[in-house]
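Dear colleague,

Please find the structure below, followed by a summary of what was found in it.

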Amino acid sequence: MSPPPPDQDESLAALGRVVSQVRKEAGLTQEELARRAGLEEADVGRIESGQRNPTWGTVRKISYALDLPLPELIRRVEALEREA
């Protein structure tokens, strides 16, 4: 039997940490990521801090803007959740 999934707060925090890490690795500011993804800079900040639960469409936009395939983004988030 597999362990229960992490709660929503943990998942949002993990997503935020991964987005922030990949953004920084790409040498992008929050403003640049927001522009590329068609989002507001404040929204990127709230996603990275785990304060906003983005829609699936927003996650896809971020993935595309980071040039990170969506399955890889999800894999990294899940790996981070397992470490917690």
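The buried residues of α1 pack against α2, α3, α4 and α5. Here buried means under 20% relative accessible area, exposed over 50% and partly exposed in between, with a 1.4 Å probe and protein chains only; contact means heavy atoms within 4.5 Å. Helices are DSSP runs (H or I, at least four residues), numbered from the N terminus.

This is a predicted model, in which local features need pLDDT of at least 70 and side-chain atom pairs count only at pLDDT 80 or more, while totals for chains, interfaces and linings use all residues. Residues are numbered from 1 along each chain as its sequence is written, and side-chain values use heavy atoms, with hydrogens and water left out.

The buried residues of α1 are L12, A14, L15, G16, V18, V19, S20, V22 and R23.

The largest nonpolar core has 20 residues, of which L15, V19, L33, I62, L66 and L73 touch the most other members. Such a core is a set of buried Ala, Val, Leu, Ile, Met, Phe, Trp, Tyr and Cys residues joined through side-chain atoms within 4.5 Å. At least two residues of this core come from each of α1 (8-25), α2 (30-37), α3 (41-48), α4 (56-65) and α5 (70-83), and α1 gives the most, with 5 residues. Not counting residues up to four places away in sequence, V19 touches L33, E48, I62, L66 and L73.

The largest pocket is lined by S11, L12, L15, P54, T55, W56, V59, L73, I74, V77, E78 and E81. α5 gives the most to this lining, with 5 residues. A pocket is an open set of points on a 1 Å grid over the protein atoms alone, where a 1.4 Å probe fits, with protein on both sides within 12 Å along at least five of seven lines; lining residues have an atom within 4 Å of a point.

P54 is in the loop between α3 and α4 and counts as buried, at 10% relative accessibility. Leaving out residues up to four places away in sequence, P54 touches L12, L15, I47 and V59. D67, in the loop between α4 and α5, counts as exposed at 70% relative accessibility; phi of D67 is near 55°, a positive value in a residue other than glycine.

Yours sincerely
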